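Please open the structure in a viewer and keep the selection tool at hand.

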Amino acid sequence: MGFLIRLAITAIALWVTTLIVPGVEVTGRNGANNALTLIVVALIFGVVNAVLKPVIKVFGCVFYLLTLGLFALVVNALLFLLTDWIARGLDLPFHVDGFWAAFWGAIVMAVVSWLINVVVPDRLESR
């Protein structure tokens, strides 16, 4: 159940990102197609982050230290661009228009995801 909640949160954050950031867009035929695209892209984004981000942190730890963590913003943008590339390979109507759109898109995604995670509990508490 926690996986589905996290997937929904990522999809909602991605949707908000498409509304706020110029250059990040979903161009499906209708609302249902766009919603399905957002869910699939959120899944791709989650897999990319789960697999690559820890590896990049290990090999890039010197850059993280030298830039006091600001290198993470560049890494997040590049992972967002990788998600776009994979989505295009799967012929999904999702597009990120260059590095700066990915940079701001990754920041908006992180902030919106964090805000939603503050409101929605990760797990239902058992009483």
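This is a predicted model: local features need pLDDT of at least 70, side-chain atom pairs count only at pLDDT 80 or more; totals for chains, interfaces and linings use all residues.

A residue counts as buried when its relative accessible area is under 20%. By that cut-off Phe103, at 13% relative accessibility, is buried. Select helix α3 (residues 61-66), where confidence is lowest, with a mean of 78; then select strand β2 (residues 94-96), where confidence is highest, at 91.

Next, turn to the aromatic rings. How many aromatic pairs does a search of the whole structure find? The search finds six.

Select Phe45 and Phe80. The centres of these two rings are 5.6 Å apart and the planes stand at 80°, so the pair is edge-to-face. Phe45 belongs to helix α2 (residues 31-59) and Phe80 to helix α4 (residues 71-89). The two residues are 35 apart, and the pair thus links distant parts of the chain. Both Phe45 and Phe80 are buried.

Now select Phe99 and Phe103. Their rings form a tilted aromatic pair, with 6.0 Å from centre to centre and 35° between the planes. Both residues lie in helix α5 (residues 99-119); because they are four residues apart there, about one helical turn separates them. Is Phe99 buried or partly exposed? Phe99 is partly exposed, since its relative accessible area is 29%, whereas Phe103 counts as buried.

Conventions. Residues are numbered from 1 along each chain as its sequence is written. Side-chain values use heavy atoms; hydrogens and water are left out. Rings of Phe, Tyr and Trp (its six-membered ring) pair if their centres lie within 6.5 Å; planes under 30 degrees apart count as stacked, over 60 as edge-to-face and the rest as tilted. Buried means under 20% relative accessible area, exposed over 50%, partly exposed in between (1.4 Å probe, protein chains only). pLDDT is the predictor's confidence in each residue, from 0 to 100.
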